[in-house]
Amino acid sequence: MEILRHVIVLVHLIGFATLFGAWIVEAVSRRVRVTPLMNYGLLISLLTGLILAAPWGLEHDLNYAKIGVKLVVLIVIGALLGIGSARQKRTGAVPPVLFWLVGPLTVLNAALAVIWR
Ligand code: HEM
């Protein structure tokens with residue numbers, strides 16, 4: 001059970017890497033746009049995060065305040081990506097503020113995960 005939990009944490013990290021990696025590639029190229037890879041990364045993080053939010057394969061208690069905050073942050077990122085890609089389809093451009101919030105909020109969630117115990 002514990003090994004399976006670690007495998008799910010690994011897939012959770014792959015979701016994080018996919019979302020943040022896809023965002024940073026666009027950011028350093030100064031391409032203010034939403035790509036499908038960002039959505040896939042977010043979806044992987046959400047699904048594996050919900051699995052990890054259940055108390056199995058653990059010897060310690062889960063921090064549900066932290067998990068709740070992470071879920072809210074993820075929903076905000078999802079809204080930014082959703083509104084951003086709708087605007088991208090309609091007008092051809094994503095409002096920069098929506099795009100530039102995605103990366104820092106993703107890092108915020110990773111920071112919450114590792115710093116808030
Ligand atoms: C962009 C979104 C997210 C990012 C970047 C992210 C990042 C991370 C990272 C880096 C870890 C590893 C921490 C460590 O092992 O020290 C982690 C663990 C965890 N995450 Fe997330 N996360 C995200 C979304 C979520 C969501 C939405 C949930 C639940 C609703 C969640 C629940 C968890 C749980 C329960 C763990 C602990 C795993 C364990 O120690 O057994 N995460 N997250």
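## Fold

Read along the sequence, the chain follows the pattern α-α-α-α, with 4 helices and 0 strands. Helices (H or I, at least four residues) and strands (E, at least two) are DSSP runs, numbered from the N terminus. This is a predicted model, in which local features need pLDDT of at least 70 and side-chain atom pairs count only at pLDDT 80 or more, while totals for chains, interfaces and linings use all residues. Residues are numbered from 1 along each chain as its sequence is written.

The C-alpha trace spans about 50 × 25 × 20 Å along its principal axes. Of the 117 residues in the chain, 19% are buried (20 or more other C-beta atoms within 10 Å of the residue's own, with C-beta atoms placed from the backbone).

## Helix α1

The 27 residues of α1 should span 39 Å at 1.5 Å a residue, and its end C-alpha atoms are 38 Å apart, which agrees; the expected span is 1.5 Å times one less than the number of residues. Arg30, which follows α1, has a positive phi, near 55°.

Phe16, Leu19, Phe20, Ala22 and Trp23 are buried in α1. The buried residues of α1 pack against α2 and α4.

## Ligand shell

The ligand is surrounded by 23 residues, and the closest are Phe16, Gly49, Leu52, Asn109 and Ala113.

At least two shell residues come from each of α1 (2-28), α2 (36-52), α3 (64-91) and α4 (96-115). The largest share, 6 residues, comes from α1.

Methods. Near = placed C-beta within 6 Å. Buried ≥ 20, exposed ≤ 12 C-beta atoms within 10 Å, placed from the backbone. Contact = placed C-beta atoms within 7 Å.
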